[in-house]
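Subject: Structure handover

Hello,

Here is the structure I promised to pass on. Please open it and keep it in view while you read my notes below.

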There are 2 protein chains.
Amino acid sequence: MANNKKMVEAITSRDVDFAKWYTDIVKKAELVDYSGVKGFMVIRPYGYAIWENIQADMDRRFKETDHENVYMPLLIPESLLQKEKDHVEGFAPEVAWVTYGGSEKLNERLCIRPTSETLFCEHYAKIVNTYRDLPKLYNQWCNVVRWEKTTRPFLRTSEFLWQEGHTLHETPEQAQEETLRMLQVYEDFYRDTLAIPAIVGQKTEKEKFAGAEATYTIEPMMYNGVALQGGTTHYFGDGFCKSFDIKFTGRDNKQHYPHQTSWGVSTRMLGAIIMVHGDDDGLILPPKIAPVQVAIVPIAQHKEGVLAKAAELKAQLSADFRVKLDDSDNSPGWKFSQYEMKGVPLRLEVGPKDIENGQCVLVRRDTREKITVPFENLQTEVARLLAELHDGLLARAKANLESKVFVAKNYDEFIDTAANRPGFIRAMWCGDSACEDKIKNETGGVKSRCIPFEEEKHSDNCVCCGNPAKHEVYWGKQY
Amino acid sequence: MANNKKMVEAITSRDVDFAKWYTDIVKKAELVDYSGVKGFMVIRPYGYAIWENIQADMDRRFKETDHENVYMPLLIPESLLQKEKDHVEGFAPEVAWVTYGGSEKLNERLCIRPTSETLFCEHYAKIVNTYRDLPKLYNQWCNVVRWEKTTRPFLRTSEFLWQEGHTLHETPEQAQEETLRMLQVYEDFYRDTLAIPAIVGQKTEKEKFAGAEATYTIEPMMYNGVALQGGTTHYFGDGFCKSFDIKFTGRDNKQHYPHQTSWGVSTRMLGAIIMVHGDDDGLILPPKIAPVQVAIVPIAQHKEGVLAKAAELKAQLSADFRVKLDDSDNSPGWKFSQYEMKGVPLRLEVGPKDIENGQCVLVRRDTREKITVPFENLQTEVARLLAELHDGLLARAKANLESKVFVAKNYDEFIDTAANRPGFIRAMWCGDSACEDKIKNETGGVKSRCIPFEEEKHSDNCVCCGNPAKHEVYWGKQY
């Protein structure tokens with residue numbers, strides 16, 4: 001186990017330095033590499049395989065809810081970006097501008113899409129004519145660029161990969177329904193696929209998306225008590241449609257503006273997976289998106305029959321699971337710590353004695369529990385353990401989330417909690433963004449995360465200014 | 001059939017104006033829309049669904065040959081692009097330059113990747129240390145930008161989607177083998193999935209990729225006798241590795257440079273599908289990548305039992321095929337021409353009489369053949385007809401290709417063929433690029449397509465200059 005120990009020591013403990021622990025993991029688990037341009041990352045095969053599994057699962061959910069994929073251009077003319085006033089104000093400061101094509105200076109600057117509302121609107125204006133053309137339920141998987149000053153792999157990068165849904169509807173009700181439907185799809189995905197529980201709710205005016213009437217958010221809680229905006233859905237009303245002159249002939253034979261939504265999640269989810277589930281030995285991947293679900297490590301593999309049996313088990317398990325057999329020259333101890341670092345949910349050990357006894361050993365990544373399994377039960381045991389592991393991760397994450405939710409009834413309590421107990425603070429709010437600014441300034445960055453769908457009343461007054469409260473708000477620091 | 005006629009008349013005949021016919025199809029089959037930036041296209045749901053099917057099939061082939069997907073940054077610093085001399089000369093004139101991030105002017109210009117050799121090299125330099133790290137078999141699916149002056153949807157666009165494989169190997173032989181292996185994967189994919197036959201061979205010095213030692217190409221022939229570069233694979237030797245200082249400790253414990261390849265195909269393939277298979281009624285899609293393989297059109301759908309039966313057939317067929325049931329209010333005639341325009345391989349008609357007789361009618365898109373099929377045989381008949389349709393498309397495309405290959409033994413024959421018989425011209429060549437230039441200038445654009453793997457000798461002398469011939473070359477105009 002010397003090798004094992006050595007590798008484990010190389011990672012900073014997450015309780016000592018969470019930021020360093022995070023960086024250690026993304027590098028040592030070979031998820032990303034840095035590129036020559038700050039904030040632009042190389043997503044390595046292991047990291048990209050996680051993203052591919054995420055994409056496949058989400059894409060299925062989008063198609064089940066009748067969405068179609070499209071591809072919009074990478075570049076947006078400056079004049080097009082400017083068509084919706086709030087939108088351009090929100091995004092212009094953080095876009096990358098293309099000014100030359102080859103050796104020729106362009107007549108008009110083009111920005112690399114930071115998001116594609118304007119492009120979808122330009123297209124929709126051409127293809128929507130009557131109510132029969134609605135709804136339009138489009139989604140795209142693509143890269144976007146937002147020029148960030150402080151960057152961290154997955155969490156905040158100048159380029160990231162994401163999906164952006166953009167839909168048009170006949171009525172405001174239908175668009176609002178879509179906005180909440182997709183929030184539900186996100187919540188289901190986080191819980192059922194990533195084993196990540198979260199708070200969901202509505203963003204305040206100050207925190208909503210540039211150009212939206214309402215923004216909804218899913219906010220998972222990291223191990224260290226910092227929140228992360230895990231995905232957002234936006235209801236636009238008909239604001240963009242008016243700016244872009246998108247009209248349809250309604251059932252009443254009159255002209256109307258459609259009502260619009262957009263919604264997106266990104267490679268930031270990989271950051272959430274790391275920070276919710278990982279431990280001091282490395283990643284722990286939820287089985288449904290793990291590129292390798294079972295790592296087979298042969299013991300005493302030079303002995304007759306061991307590698308043959310290991311290969312047989314691999315072939316057998318591969319019918320139902322993603323399996324890797326590591327028959328390299330590295331020691332079993334090295335392999336153990338390697339697959340722990342990479343967060344592989346189950347390790348399968350098989351050696352000469354096991355073979356004699358007609359069994360092998362399964363080891364859970366999360367609990368380290370060792371389970372001896374007769375070969376004839378292997379398929380069902382692996383399925384059972386992967387399901388249990390998913391449930392175990394979800395329960396642990398839920399316990400962490402719940403242990404990090406605090407109620408503050410007055411400003412002193414709020415300030416004290418913000419300073420000493422990382423997590424969500426539930427507190428009343430008057431509805432004024434001045435209080436959000438004050439809180440942010442006096443707590444080193446605590447912001448409103450969301451107004452939960454089911455509010456509780458902790459007092460009658462705003463925790464900050466004392467004026468009558470309008471809403472309960474979840475507050476917290478964020479990545 | 002009035003409706004049917006009306007729609008068909010709206011398309012230009014391909015024998016009258018092939019370019020107009022092409023543009024009509026991409027618009028009327030709803031494959032693309034133009035965007036506000038010239039050369040940047042919107043790929044609409046139907047077009048993107050074809051691309052998704054192409055991706056899924058190719059990605060499986062790449063993974064079966066042990067390749068892993070990664071994601072490299074969108075932007076390349078100018079200094080990085082300049083590291084390999086031939087490469088920067090080839091690409092610098094056609095890249096888009098980012099000069100501002102938000103409101104700040106950048107210290108160094110960044111180009112949007114026209115291809116990612118330099119980014120892969122920068123990354124490989126960091127992760128390759130010993131022969132144990134080789135081979136590296138990476139691929140990425142992404143968008144790239146090359147600033148084009150004359151653009152046409154799918155065929156030549158300033159932004160396109162593609163895959164680019166980039167691999168490193170211990171020996172030149174292994175890299176050369178990979179270069180030819182991936183060309184074979186492309187050829188298999190074109191033939192077995194797209195039903196498109198092609199000429200394969202090596203590019204001349206003049207036509208090879210910027211920075212490559214050798215470029216191989218697959219060249220399908222369009223209906224009108226114009227060729228299209230359908231995909232290329234490149235052998236780089238160790239040129240880039242030297243420029244980027246990528247070294248590994250070999251089995252001999254000495255330092256070596258790896259040997260490199262790259263290979264790519266793009267959304268241009270959709271252009272080939274249109275121009276190889278389409279006819280005057282619209283698209284004809286090869287069944288394996290058709291978003292809808294069977295379109296069910298109920299006849300007299302207001303009559304009792306018709307829609308129920310159509311829905312039952314849809315449910316039954318959906319287990320094995322991609323099926324759409326069109327129960328809209330449009331007339332059957334309108335639907336017939338709609339699904340012909342969209343190139344759906346099979347139409348299924350079912351009406352009250354059919355139901356009485358326990359049967360339905362299948363209509364092939366390519367031959368218009370009508371086949372009456374008892375319900376109990378439907379599943380196997382659809383499978384059989386889709387397979388036959390694939391084979392039929394391939395045979396027809398092969399006949400077109402073969403009818404458009406001409407041999408020219410002297411320059412007069414060459415010039416006459418180039419002027420009067422669109423297609424490939426097989427003719428001998430001395431190896432001098434001056435002859436390529438001369439031919440191109442005197443024929444309005446005929447270029448060397450490739451040196452075929454199995455050359456035939458038509459004479460001892462170059463068709464252009466009369467000097468001793470080194471190779472047989474396929475010549476032709478290209479998209």
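Which residues have the most contacts inside the largest nonpolar core? They are A:Ile296 and B:Ile296, and that core has 282 residues. One thing to keep in mind throughout: this is a predicted model.

Now the single chain. Chain A contains 15 helices and 23 strands. Its C-alpha atoms fill a box of roughly 80 × 55 × 50 Å along the principal axes. A compact globule of 479 residues would have a radius of gyration near 23 Å; chain A has 25 Å, which agrees. Buried residues account for 49% of the 479 residues in chain A. Look at the contacts in chain A between residues at least 6 apart in sequence: 68% of them join residues at least 24 apart.

Next, the pair. How do the two copies relate?

Then the interface. Here 43 residues of chain A are in contact with 43 residues of chain B. Several elements of chain A give two or more residues to this side, among them helix 3 (45–64), helix 6 (117–127), strand 7 (136–145) and strand 8 (159–169). Strand 5 of chain A provides the largest share, six residues. By type, the side of chain A that touches chain B divides into 26 nonpolar, nine polar and eight charged residues. Of the interface residues of chain A, 100% are also interface residues in chain B, so the copies meet through the same surface.

Last, zoom in on strand 5. Which way do strand 5 of chain A and strand 5 of chain B run, parallel or antiparallel? They run antiparallel, and five bridges join them. Strand 5 of chain B covers residues 96–101. For one pair to find on screen, take A:Gly101: its bridge partner in strand 5 of chain B is B:Ala96.

Best wishes

Note on methods
Residues numbered from 1 in each chain as written. Chains lettered and ligands numbered in written order. Predicted model: local features only at pLDDT ≥ 70, side-chain atom pairs only at ≥ 80, totals over all residues. Contact = placed C-beta atoms within 7 Å. Helix = DSSP H or I, 4+ residues; strand = E, 2+ residues; numbered from the N terminus. Rg over C-alpha atoms; globule rule 2.2 N^0.38 Å. Buried ≥ 20, exposed ≤ 12 C-beta atoms within 10 Å, placed from the backbone. Nonpolar A, V, L, I, M, F, W, Y, C, P; charged D, E, K, R; others polar. Pairing = 2+ DSSP bridges. Core = buried A, V, L, I, M, F, W, Y, C linked by C-beta atoms within 7 Å.
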